[in-house]
Amino acid sequence: MGTYLEGKSIVVTGAGRGIGRAVALACAAEGASVVVADYGVGMAGEEPTSEVADAAVKEIEAAGGTAVAVADTVTTMEGGERIVRTAIEQFGRLDGVVCVAGILKERMLFNMSEDEWDSVVETHLKGTFTLFRHASAAMRRQQSGSLIGFTSGAFSGSVAQANYSAAKGGIVSLVRSAALGLHRYGVTANCIAPIARTRMSANVPQELAEMGDAEDVAPIVVYLLSDRARHITGQIYTAVGGKIAVWNQPREVRAMYKDGRWTPEEIEARLGSTVGQEEMPFLAELEARRAAAASGEKPNA
Ligand SMILES: NC(=O)c1ccc[n+]([C@@H]2O[C@H](COP(=O)([O-])OP(=O)(O)OC[C@H]3O[C@@H](n4cnc5c(N)ncnc54)[C@H](O)[C@@H]3O)[C@@H](O)[C@H]2O)c1
C-alpha cells in the first residue's frame, strides 16, 4: 500500500467499471478511503444493478484498502447528495470527487431522439453537477478539496455524438466555473480527457489512433487529488497510455474594429483578410477518413 493519498476521503462515480474502477483502485492503493459510486448500468444506461459497485469494493478490500459502495444514480440531486453524504458519514470528510460515470448513445444529429439527447446530457453533465454541487458546499466549509470532471476529446466536436460532445463541452465549462468560483476556498477543479480500452471505447466505430489501458489514466487523477497538486486548477489533461497532454485555454485570437456598428457588407469585405477563421483540424481528418472508407480501409480517428 502506498501513502500518496493517505487519510483522504475520495468519491469516484462510475467506479465499478473501466476507467472509474481503475481510478478507485489506484486511490485506495495509495491509502485513500473510497466511495465507489456506480449505478451498474449497461452501455446505454439500462438495467441498473448494485453488483457492479459491490464487486469493485470487494476488489479494493481484498487488496487491503478501504471502500464503500453506493449503487445510486448520479442523475438526480438526491443521488448526488447521498453519494457525497456517504463519504462524509463513513470517512468523516471529503477531499476529492472524481466524476467518471457515463453512457453513450450514438446517433447522427438529424436522427437523434429527445431521449437520446436528454439521457446522455443528464448522465454526464448533470451527473457531474449533482456531485460538484453537494461536494463543493462541503469543501467550501472544509476550505480544501479537489473536483475532477471527465471530458473527452469529443468535446471539440463529434460526427455522430452531438449529445455526448455537448455534454463533455458542458463539463469543461462547469469545471472552469468551479475552478474560478472555488479558488478562494482552496478547492481546485480540473478535467481529464482520457482514452482507454473499455467497453465504451470498444463501441466507437472508428479505430482510435491513440490507445491505452484504464490503469494508465489513474496516476494523473491520483496526482491531482494529492496535496502536491493544490496549485493546479482549471486545466484539461489528456491521458492515454504513456502520454499526458495539457489543452489550451479558450481565448480570442484576432479582432477587427470600427467606430460604430459593422454592416454585413463591410464584414464580408474585411473578415477574410483580418479576423478570418480558425482551422478546424477535425474537418480535414474527416475528409481523410471518408476517402479511406471509400477505398475500403477501416478509418482511423
Ligand atoms: N474509454 C475511453 O476511451 C473514453 C474516451 C473519452 C472519454 N471517456 C469518458 O471516461 C469515462 C469512463 O468511461 P469508460 O470507458 O470507463 O466507461 P464504462 O462504460 O466502462 O464505465 C462507465 C461506468 O459508469 C457507470 N454509470 C453509467 N451511468 C451512471 C449513472 N447514472 N450513475 C452512476 N454510474 C453510472 C456505469 O455503470 C459504468 O460502470 C466516461 O465519462 C467517458 O465518457 C472515455
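Modeller: What follows begins with the aromatic rings and then turns to a few other parts of the chain. Please keep in mind that this is a predicted model. The count of aromatic pairs comes to one, and this pair is formed by Phe155 and Trp247, whose ring centres lie 5.1 Å from each other. The planes of the two rings are 55 degrees apart, and the pair is described as tilted, because only planes over 60 degrees apart would count as edge-to-face and only those under 30 as stacked. Phe155 sits in the loop between β5 (145-150) and α5 (162-182), while Trp247 sits in the loop between β8 (243-246) and α8 (264-270), so the pair ties together parts that are 92 residues apart in sequence. Phe155 has a relative accessibility of 23% and therefore counts as partly exposed, and Trp247, at 27%, counts as partly exposed as well.

Another loop residue, Thr198, is found between β6 (187-194) and α6 (199-202). Thr198 counts as buried, because its relative accessibility is 18%, and, once neighbours within four places in sequence are set aside, Thr198 is in contact with Gly18 and Ile19.

Turning to the strands, β2 (residues 33-37) pairs with β3 (residues 66-70) in the parallel sense over five bridges, and the chain passes from β2 to β3 through helix α2 (residues 51-62) in a right-handed β-α-β crossover.

Key
Residues are numbered from 1 along each chain as its sequence is written. This is a predicted model: local features need pLDDT of at least 70, side-chain atom pairs count only at pLDDT 80 or more; totals for chains, interfaces and linings use all residues. Side-chain values use heavy atoms; hydrogens and water are left out. Helices (H or I, at least four residues) and strands (E, at least two) are DSSP runs, numbered from the N terminus. Buried means under 20% relative accessible area, exposed over 50%, partly exposed in between (1.4 Å probe, protein chains only). Contact means heavy atoms within 4.5 Å. Two strands pair if DSSP finds at least two bridges between them. A crossover is right-handed if, with the strands pointing away from the viewer, the path from the first strand over the helix to the second runs clockwise. Rings of Phe, Tyr and Trp (its six-membered ring) pair if their centres lie within 6.5 Å; planes under 30 degrees apart count as stacked, over 60 as edge-to-face and the rest as tilted.
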